[in-house]
Amino acid sequence: MQNKGAITFLAIALALVCLYELSFTGASYSVKKKARIEAAGNLERETEYLDSVASLSKEDWSFLGYTYKEVQEKEINLGLDLKGGMNVTLEISVEDILKALSNYSNDKTFNQAIALAKQKQRSSQEDFVRLFVRSFEEIDPNAKLASVFGTVDLKEKINFNSTNDEVQKVLESEVDAAISNAFNILRNRIDRFGVVQPNISRMQQRGRILVELPGVKDQKRVRQLLQGTANLEFWETYECGEVIGYFSQIDQYLSTIVASKETTQPADTTVSEVKSGEETLLDKVAKDSTLTESASAAEMARLHPLFAVLSANVDRTGQPNPGDVVGFSSFMDTAKVNAFLRMPQVKAILPRELILRWSQMPYEYDKTQTMYSLHALRITTRDGRAPLDGSAVVSARPSTGVTGSEIKVDMTMNPEGAQIWARMTGDNVGRCIAVVLDDYVRSDPRVVNEIKGGNTEISGNFTLEEAEDLANILKSGKMPAPAHIVQDTVVGPSLGKAAIHDGFSSFIVAFIIVLLYMMFYYSRSAGLVADFGMLANIFFLIGVTVSLKAVLTLPGIAGIVLAMGMSVDANVLIFERIKEELRAGKNIKAALADGYKGASSAIIDGNVTTILTGVILFFFGSGPIKGFATTLVIGNITSLFAAVLVTRLVYERAIKKNWSLRFSAPYTQNFLHNTNIDFIKLRKYGYIFSITLSIIAIVSLSTKGLSKGIDFTGGRTYVVEFPQPVSTQEISKLLADDFGGEPLVVTYGASNQVKISTKYKVDDPAAQDDVNNILYENLKDLAGNPGAESFVENNIKSSETVGPTIADDFRKKAVWAIFFSLIVIFSYIVLRFRNWQYGLGSVVTLAHDVIIVLGLYSVFQGILPFSMDIDQSFVAAILTLVGYSINDTVIIYDRIREYLPLYRKRPTNEVYNLALNSTLSRTLNTSMTTLFVLVVIFFFGGEVIRGFIFALLFGIIFGTYSSLFISTPILYETTRKIRAKKDAEAAEVVKKK
């Protein structure tokens, strides 16, 4: 064996590196185990213990010179499906960035182009800036973008003579800079949030950012943190008494519209028809404070449409209360009030300088905590924007005030901001100044005196967490544009623990089965060496995964187990080659050398095709699918190293020590030896069988179709657990009214757990709480009447939301992933075998396997008791099947390529049959070991990946079949002319003899 010293050094060095990387996981596990013992089942005490250790310095606690907090960052990174937490895809609003770059232009063509680009984006993955520019030119071909974007801020880059193409390049550059700024702001917020091993990365599509937060429990807090733009503004205000009269006029005007509709007469009332002498609601309140209570709701809505949903901020005598609040409304009625206030006729009544904003928190004196206050802000600037905003804030921190009873946020402003703040407070002594955050009033303190120096505070019934988050947001900076959640996945910690248990149970059982099988089939000595190589492979795989900071997901564990099963293939190929060499009469040393040499070509080809498939899957996949692709690729690389090089070192050592080596057990020695199946003659039966299955698959796909998951359709899914078995039909009917139609409800694993799918408000990123409330209100009786928070935290085991835009992205990526995998494999086979017929046979075989598996999913959907949705996991299964099937095909092709020049005088069909029969033992052995592994994962790996494994199971069965009865026969058919020429030459040679 050449370079034995270098290979030994590399193996030892890699082992030491892996051991070093994995030691941090061991140290972290030791601390967590001690925390569980100390807490004795109390989760709060366990968390406190871990937080206390994490706060210790290196002098008080260290491992290899690292603090516990640093050790946690270096331990194995578990994905959300194993640890619990949130996976969020954010989309920065490029629309808002363009509006800001135009200085909020009122240009008609500009605003129409924005609206048209938004409409186009729903069915396109093209960049928004390009869609906008194209829409702008479609609406007005003669219009110039420079007239819109030639603002003061862009005057150095855009002038009046700039072409649209030049402006587009500037816009793309500015948008990229704004998105980079948003990315950095989000990263700063997340770093201050205190999550261990967070992951934030930019996605390929412009404006999308992936955020993974393992272990977080407060979903609402995370969503607010990520989506908040930190648009802090300070506004001067009106007093209630200065504007409440306008609201009386609006109420009177709306009542006339209602009356005109009731009498079926046209509603042509104008603002001037609201006579000043008529009795207003304020007068009526003064006469009878019990008006609202005594009148029915319908009567109130008819007589006073506005004040039926907005309680005026007046006292019992009808006089306006002091302050900037004009009224209060239930959270259920705020949308109605907004609709009234957006009416053009109503806007005409209100002063142009008036802006109305709702409070962010419920009114503090409302016992039900459902009433929100409406504040009257006053425009005092020429551009209609706030005179002071968050850009002036240089520092912010939470505080508890002098008494410690009220939590506030203290801020310090820059000199320019301090000067404006002093002017604002000086001009508004005795009046309120509204502190507005992301268009909601956070507090409205009354100014006592002028405030100089730029130091101020924000109060507003904060909790400590809310104050910390607000300070964090203000310190990180204002987002250049809103960030909307277009996809989010939430996995509860209990489901994560179950996934860990299921995943590792399947791993251990499958591992033991494969170890025993190798010893059973190839004798104890050879089996033990193969098992050692497999152990080394798993050790290297996990060590490299940790060192690369890759995320280990549940599909990732499946990838490890599958890589383990497929790594057996290398040992099987080597052992079968060694057995052939021994039968040829070679001694053990020569047989080993020639066996490794003869198998190396097939091993490399098989692993390279699988690695190429894994790379494509990593490139086009996301979340858990990337975890699967990562472990699959790493597993194939470490398998090559462990199976080909490490086991060779062991054998070299064994030969040097004169150990007794056997490569077959007595009871398997002649299994599949000297088989003489005429596969070429049987090919027509294979054609008939495959064509029949393909027709059934195509008919089912055309009529019944496939059940597309929300990855491809968009929507929301929830896994909900109940204390007892439940009926899916009953749950569907309970939710039908609120969801606007019956959602899809299926049993998910146990009979007391269901998966609910709906498209309700999927376009609204702020609707998560509404959906949670609907689930709670309708299902609380079945859940044993827990509290609302308890239901969300404990009964909802996981949730996932995929917006329609990103669903379209997933669909296109899935198609491109399969297309590119076929192209790459075809190109590799043609390049490797230097014959297009080999590539054609491979691609036709793969298409055959994919069509049949798709047909199986179509035929059995709704029949089998587990999810058979077509989603990203299914695409991962298809691509894995592609890699596995091509691996089988390549090994047979490799043997055909070897035998054709070796047996030139034999008819081609005999050579093909000889190649197929000689690799039959390897084909069936690899398939059996992989199937053993997959069957174990199918039963013990948990519900999450059961559909995924089902596709792999039947994919490998049909992949094995097609490599014998489809790929080789197609190669045989397409080389007919070449074969006929060679057969004629062989016949001539025989005739001469």
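Contact here means heavy atoms within 4.5 Å. The model is predicted. By that criterion, helix H6 (residues 108–121) meets helix H7 (residues 128–139) through Thr-109, Phe-110, Gln-112, Ala-113, Ile-114, Leu-116, Ala-117, Lys-118, Lys-120 and Gln-121. The H7 side of this contact consists of Phe-128, Leu-131, Phe-132, Arg-134, Ser-135, Phe-136, Glu-138 and Ile-139. Two packed helices are described by the angle between their axes and the distance between the axes. For H6 and H7 the angle is about 125°, and the axes lie 8 Å apart. H6 is therefore oblique to H7. The crossing of H6 past H7 is right-handed.

Helix H15 spans residues 334–342. Its buried residues include Thr-334, Val-337 and Leu-341. These three cover an arc of only 60° around the axis, so they sit on the same side of H15. An α-helix has 3.6 residues a turn, so residues three or four places apart point the same way. Ala-335 and Arg-342 are exposed, on the face of H15 turned away from the buried side.

Three strands form an open sheet in the order S11-S12-S15, with antiparallel pairing. Strands S11 (393–399) and S15 (455–458) are the edges, each pairing on one side only. Neighbouring strands are turned by 25° against each other on average, direction ignored. S11 and strand S12 (residues 408–413) run antiparallel and are joined by six bridges. Ser-399 stands opposite Lys-408 of S12. Helix H17 (residues 415–427) packs on the sheet and touches S12 and S15. The direction of H17 makes about 115° with that of S12.

Conventions: Residues numbered from 1 in each chain as written. Predicted model: local features only at pLDDT ≥ 70, side-chain atom pairs only at ≥ 80, totals over all residues. Heavy atoms only, no water. Buried < 20%, exposed > 50% of the residue type's maximum accessible area, 1.4 Å probe, protein only. Helix = DSSP H or I, 4+ residues; strand = E, 2+ residues; numbered from the N terminus. Arc of directions from axis to C-beta. Pairing = 2+ DSSP bridges. Axes fitted to C-alpha atoms, helices over the stretch in contact; angles between N-to-C directions. Parallel < 35°, antiparallel > 145°, perpendicular 65-115°, else oblique. Left-handed = near helix turned anticlockwise from the far one by under 90°.
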